[in-house]
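Let's take a friendly walk through a protein model, one feature at a time. Have the sequence and the 3D view ready as you read.

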Amino acid sequence: MTETTNQAPTEDIREALKDVIDPELGVNVVDLGLLYGLHYADDGALLVDMTLTTAACPLTDEIEDQVSRAIGTMVDEWRLNWVWMPPWGPERITEDGRDQMRALGFNI
């Protein structure tokens, strides 16, 4: 097995993931609070722990494609880990996310 050598800082990855827009809500996954964690595994792959607003979301493939485009050149290998506990709730939305949602007409 070869070692992964391209490991961008997780702060840079988090910033890049702000380009991943939830297709239903129109707000990025970071400010929605859907990103639960970023860390590098022992094999060097970046593990992206994320959730969805609902486990029944039909757009996981689209979100995974957006994640790939956002971070694919920043790391040699990454894996998306869908996390369901704790469940997502609107209290996880950042102030920036709330501002974005209000701008889109959501009452939050």
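## A starting point

In which segment does Phe106 lie? Phe106 is found in the segment that follows α3 (95-103). Keep in mind as you look around that this is a predicted model.

Phe106 itself has a relative accessible area of 34%, so Phe106 counts as partly exposed.

## The annotated region

Next, let's see what a database says. UniProt, in an unreviewed entry, places the feature "domain: MIP18 family-like" at residues 11-74. In the model, this stretch of chain is 28% helix and 17% strand. The C-alpha atoms at the ends of residues 11-74 are 12 Å apart.

## Strands side by side

Now turn to the strands. Strand β1 (residues 35-40) pairs with β2 in the antiparallel sense, over five bridges.

On to another pairing: strand β2 (residues 46-50) and strand β3 (residues 78-82) run parallel and are joined by five bridges. Here Leu46 has Trp78 in β3 as its bridge partner.

Val67 and Asn81 are 14 residues apart along the chain, and their C-alpha atoms are separated by 12 Å.

## Pairs of opposite charge

Side chains of opposite charge can pair when their charged atoms come close. How many salt bridges are there in this model? The count comes to five.

One of them joins Lys18 and Glu15, with a distance of 3.7 Å from N to O. Lys18 has a relative accessible area of 28%, so Lys18 is partly exposed. Glu15 is also described as partly exposed because its relative accessible area is 49%.

Another links Arg102 and Asp99, whose closest N and O atoms are 2.7 Å apart. Both residues lie in helix α3, three residues apart, which is about one turn of the helix. Arg102 is partly exposed, with a relative accessible area of 38%, and Asp99 is partly exposed, with a value of 41%.

Finally, look at Glu77 and Arg79. They form a salt bridge in which the closest N and O atoms are 3.1 Å apart. Glu77 counts as partly exposed because its relative accessibility is 32%, and Arg79 counts as partly exposed because its relative accessibility is 33%.

Which residues are linked in a network of salt bridges? Asp43 joins Glu77 and Arg79 in that network.

Technical notes:
Residues are numbered from 1 along each chain as its sequence is written. This is a predicted model: local features need pLDDT of at least 70, side-chain atom pairs count only at pLDDT 80 or more; totals for chains, interfaces and linings use all residues. Side-chain values use heavy atoms; hydrogens and water are left out. Helices (H or I, at least four residues) and strands (E, at least two) are DSSP runs, numbered from the N terminus. Buried means under 20% relative accessible area, exposed over 50%, partly exposed in between (1.4 Å probe, protein chains only). UniProt positions are given in the numbering used here, feature names are shortened, and annotations may be inferred rather than shown by experiment. Two strands pair if DSSP finds at least two bridges between them. A salt bridge is a side-chain nitrogen of Lys or Arg within 4 Å of a carboxyl oxygen of Asp or Glu.
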